Protein chains: 2
Amino acid sequence: MATEEFPLPTEFSPETAQLLRPDIDEFRRQAHEVVEWMAEYLGRVGELRVQPDLAPGSIRLRLPVTPPEDPEPMAAILADFRTVIMPGMTHWNHPGFFGFFPANTSPPSILAEMLTATLGAQCMSWSTSPAATELEQVTMEWLAWMLKLPEGFTGVIQDTASAATLVALVTARDRFTKFEAPHRVEDLTVYTSPEANSSVAKDARLAGFPPERIRFVETDEGFAMRPDLLAEMMAEDREAGLVPAAVVATAGTTSSAAVDPLPEICRICATAGPLKPWVHVDAAFAGSAAILPEMRWILEGVDGADSLVFNPHKWLLVNFDCSAYFVRDVPALLRSFSASAHYLAAPHQGVVPDYRDWGIPLGRRFRALKLWFVLRRYGVKVLQAMLREHIRLGELLAAWVDESPAFERLATARFGLVCFRHHPSGEDDAAALDARNERLVNSLNASGKILLTPTRLGGKYSLRLSIGHLTTSEAEVRRAWDLIVETAGRI
Amino acid sequence: MATEEFPLPTEFSPETAQLLRPDIDEFRRQAHEVVEWMAEYLGRVGELRVQPDLAPGSIRLRLPVTPPEDPEPMAAILADFRTVIMPGMTHWNHPGFFGFFPANTSPPSILAEMLTATLGAQCMSWSTSPAATELEQVTMEWLAWMLKLPEGFTGVIQDTASAATLVALVTARDRFTKFEAPHRVEDLTVYTSPEANSSVAKDARLAGFPPERIRFVETDEGFAMRPDLLAEMMAEDREAGLVPAAVVATAGTTSSAAVDPLPEICRICATAGPLKPWVHVDAAFAGSAAILPEMRWILEGVDGADSLVFNPHKWLLVNFDCSAYFVRDVPALLRSFSASAHYLAAPHQGVVPDYRDWGIPLGRRFRALKLWFVLRRYGVKVLQAMLREHIRLGELLAAWVDESPAFERLATARFGLVCFRHHPSGEDDAAALDARNERLVNSLNASGKILLTPTRLGGKYSLRLSIGHLTTSEAEVRRAWDLIVETAGRI
């Protein structure tokens with residue numbers, strides 16, 4: 001027995017024991033102090049630079065290369081957090097953050113995260129925290145109701161849309177290689193558009209689909225997948241002896257929020273072979289908008305799809321991570337993702353879900369709590385009003401762009417996302433326009449006042465302004481536009 | 001343009017705007033109230049039932065089937081949290097929680113989670129939060145230093161060991177199917193032991209290895225993988241034209257904390273073919289113990305391994321999720337996991353890591369902060385003292401078991417994990433012993449005073465008591481043992 005060869009020191013001093021046993025009064029004091037900082041931060045985040053102005057590696061240089069041997073006081077750690085870490089943060093909840101997509105936090109969600117961290121419960125199976133499992137069932141049903149998903153979809157929280165899409169593609173792969181048909185994975189094809197999120201092609205590779213079998217179906221001038229080309233490519237692939245196994249359609253692409261034509265895609269898949277390709281809908285960002293009756297069209301056709309993911313942690317005021325994955329064929333999911341072992345066996349199986357069997361990680365945080373807090377604190381109507389307002393602000397900005405002769409809009413403004421570029425009259429050299437707009441973005445981001453993430457649309461370098469933070473008002477958007485116009489005129 | 005067909009209501013009332021704009025004073029009040037609850041909970045968690053006594057589905061019945069249309073006051077939500085959710089929680093930080101493996105929270109870690117939730121930063125690339133990326137580099141270097149990992153391992157935080165093992169197996173698969181050799185995945189074999197965590201075989205299936213190519217190498221009487229059998233199986237597979245692609249060795253198995261013989265495994269792999277199989281070490285639980293000089297032997301041979309995972313969120317006082325993945329061949333990892341797209345391009349690439357390219361999810365929480373808080377607040381020496389004390393308590397319990405004629409130990413006690421069963425003299429019917437011990441576990445768990453997760457060892461139903469919570473003292477272990485003896489005598 002190894003421990004006999006290596007006798008253990010048994011010293012466990014009273015001081016060590018005391019340091020380890022949580023001092024409730026001390027924790028209370030420190031937590032209240034942290035709350036004061038949190039409140040102050042939320043109140044003043046708009047006064048900070050959105051993004052720090054730092055050379056890569058400069059924070060690291062300020063930190064020791066080895067951990068301390070002895071305990072340090074919490075006050076010193078919190079002081080370093082404020083002076084070393086904070087100046088190096090990009091503030092995703094800054095009202096001038098118009099980059100990527102929003103990653104909202106909100107007071108009820110933060111309160112829930114405080115409770116989740118305190119409970120530290122593992123939500124891998126029902127028995128390891130029954131209330132967490134059942135609240136996840138309930139909140140997923142609430143979301144399905146809000147999205148007006150057709151009967152037959154069951155929801156589960158995944159950490160991210162990238163992981164959820166991987167889950168969908170693995171389930172699809174297994175359907176075509178193991179369970180419903182014994183094809184070789186080398187013969188399977190996956191279809192998506194070049195405008196899909198980069199994680200889709202990555203997920204297809206991770207699921208083991210050969211890279212040369214990942215087909216990018218060209219888009220129309222509005223950056224949505226062309227169903228006629230999808231049908232053609234599928235037919236050609238079938239003729240070549242290949243087997244179409246999955247299509248990932250996007251509702252709200254990352255670059256320009258384009259919506260792939262789901263009804264046509266599903267119709268094509270319904271007749272694409274003896275075994276229908278799995279249709280997964282990546283609505284990571286824009287899915288939230290589908291809780292608006294006038295925006296529900298973006299999920300039209302979902303009754304022909306097999307799975308759908310959207311991120312309440314983007315535009316629905318829930319802290320990251322909280323990705324809602326809805327799937328029709330739960331037995332197929334469990335077939336691919338269940339992990340059974342005796343130490344995990346439990347008598348309730350079949351009655352309530354063990355969510356460790358519904359995704360990649362065995363361990364899971366209690367993420368339903370923040371979703372529940374947010375949905376109740378705001379209610380559906382306020383969330384709808386917020387989404388409408390953000391969409392209105394995007395259309396307003398689009399109108400300002402259209403009215404300005406020196407600017408050019410590069411895509412339809414949808415879901416608060418506006419893509420455009422500076423295009424002074426007379427300047428028509430493509431490379432020069434790209435360079436000019438790249439300088440513009442860099443200059444805007446360097447200002448520390450706003451943050452934009454550029455993209456390319458139809459080969460053109462594009463500014464991309466994404467509106468979706470709960471505090472973003474017309475005044476903020478106006479300020480951003482004025483800054484863009486002013487900066488463009490200067491460079 | 002779709003929005004023209006569906007004119008949006010523009011109503012965004014001042015009341016709605018006010019509700020959405022965080023009221024800092026209200027948040028401060030509510031957060032302080034939540035802190036009071038948190039402190040009180042941490043102080044009284046030991047007085048609660050470890051596990052609720054509830055029928056599956058009973059919490060769900062108490063919740064409405066649809067979300068509220070209108071906002072609800074935070075006070076009502078917090079009240080429901082206390083009265084509906086709390087009675088349905090299993091308390092992983094209860095001092096009587098001896099189930100699974102520990103999933104510690106600790107005051108410094110909870111404080112860090114409060115800050116992380118407030119910042120809501122996305123840590124997918126350096127620029128999206130520079131300080132988070134650089135702190136992740138630094139804290140991973142601290143952990144590598146603590147584990148005395150050989151030069152050449154680079155660390156990155158993954159969410160769970162299950163996901164980290166999937167990352168390892170996908171990287172290994174791609175090495176053998178794409179980059180270093182163009183084998184077909186159907187011809188690849190993966191080796192692990194039947195005592196490996198259930199997630200290992202699941203991960204191998206998810207990575208696309210054919211289920212019939214996942215080899216379970218039998219263990220010795222101490223439940224560690226037999227290297228002689230591994231060598232035999234590999235040789236047979238090679239003779240059959242198959243290609244050994246990966247071995248997952250466990251340092252601290254889930255059932256009994258057995259340690260697979262890593263030096264021999266690595267030696268076998270070094271000569272196992274023209275391309276060495278990828279050796280991944282799953283030290284999810286026991287890896288923390290390797291920061292003790294006298295326990296470092298569990299990682300002996302790691303210089304021959306390709307990757308290693310251990311979970312600071314288990315036994316190192318860091319809130320879930322925080323899984324430390326160390327990998328030698330970073331270019332191979334990036335080859336499999338990088339997702340490149342223009343909107344993600346950034347000028348610093350190559351200088352600092354973009355961790356979205358180091359794992360499955362694109363989005364990532366700021367998890368290095370809690371690790372930093374914990375390592376600094378306790379320091380290496382206190383963490384070492386705690387681990388030693390837990391190991392001592394396990395050996396103490398093992399001694400009590402050994403001294404008791406009615407009980408029988410079923411495995412070496414290691415890392416605070418003790419496996420044993422009630423075995424009254426004269427009762428030697430295997431099925432009767434299993435039934436007796438199953439009744440014992442059920443009765444103990446139903447008491448609400450302690451929680452054990454049973455397992456099977458060598459075909460025998462075994463009690464399994466896992467010590468590792470920061471508050472667990474000798475008195476707690478004594479109380480648990482007394483309860484076990486008393487209950488066993490009664491049933």
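Biologist: In this predicted model, which residue of S13(A) stands opposite Val418(A)?

Modeller: The two strands to look at are strand S10, residues 417–422 of chain A, and strand S13, residues 460–466 of chain A, which pair in the antiparallel sense over 4 bridges. Within S13(A), the residue that stands opposite Val418(A) is Leu465(A).

Biologist: Which residue is the bridge partner of Ile157(A) in S8(A)?

Modeller: Here we turn to another open sheet of chain A, which has 7 strands in the order S2-S8-S7-S6-S5-S3-S4 with mixed pairing. Its edge strands are S2 (154–158) and S4 (214–216) of chain A, and the twist averages 20° from one strand to the next. S2(A) pairs with strand S8, residues 323–327 of chain A, in the antiparallel sense over 5 bridges. In S8(A), the bridge partner of Ile157(A) is Ala324(A).

Biologist: What angle does the direction of helix H7 of chain A make with that of S6(A)?

Modeller: Helix H7, residues 161–179 of chain A, packs on the sheet and touches several of its strands, including S2, S3 (188–192) and S5 (243–250) of chain A. Strand S6 (278–282) of chain A is also touched by the helix, and the direction of H7 makes with that of S6(A) an angle of about 175°.

Biologist: Why is chain A as compact as a globular protein of its length?

Modeller: Chain A contains 15 helices and 13 strands. For its 491 residues the globule rule gives 23 Å, and the chain is as compact as a globular protein of that length because this value is close to its radius of gyration, which is 25 Å.

Biologist: Which element of chain B gives the most residues to the side that touches chain A?

Modeller: The contact between the chains takes 135 residues from chain B and 135 residues from chain A. On the side of chain B, these divide into 77 nonpolar, 36 polar and 22 charged residues. The element that gives the most to this side, with 16 residues, is helix H13 (residues 368–403) of chain B.

Biologist: How does H13(B) lie against H15(B), roughly parallel or roughly antiparallel?

Modeller: H13(B) packs with helix H15, residues 474–490 of chain B, with the axes 10 Å apart, and passes it in a right-handed crossing. The contact is made by residues that include Leu393(B) and Trp400(B) of H13(B) and Val477(B) and Trp481(B) of H15(B), and by class it has 6 nonpolar, no polar and 1 charged residues. The angle between the helices is about 30°. Because angles under 35 degrees count as roughly parallel, the arrangement of H13(B) and H15(B) is roughly parallel.

How values were computed. Residues numbered from 1 in each chain as written. Chains lettered and ligands numbered in written order. Predicted model: local features only at pLDDT ≥ 70, side-chain atom pairs only at ≥ 80, totals over all residues. Contact = placed C-beta atoms within 7 Å. Nonpolar A, V, L, I, M, F, W, Y, C, P; charged D, E, K, R; others polar. Axes fitted to C-alpha atoms, helices over the stretch in contact; angles between N-to-C directions. Parallel < 35°, antiparallel > 145°, perpendicular 65-115°, else oblique. Left-handed = near helix turned anticlockwise from the far one by under 90°. Pairing = 2+ DSSP bridges. Rg over C-alpha atoms; globule rule 2.2 N^0.38 Å.
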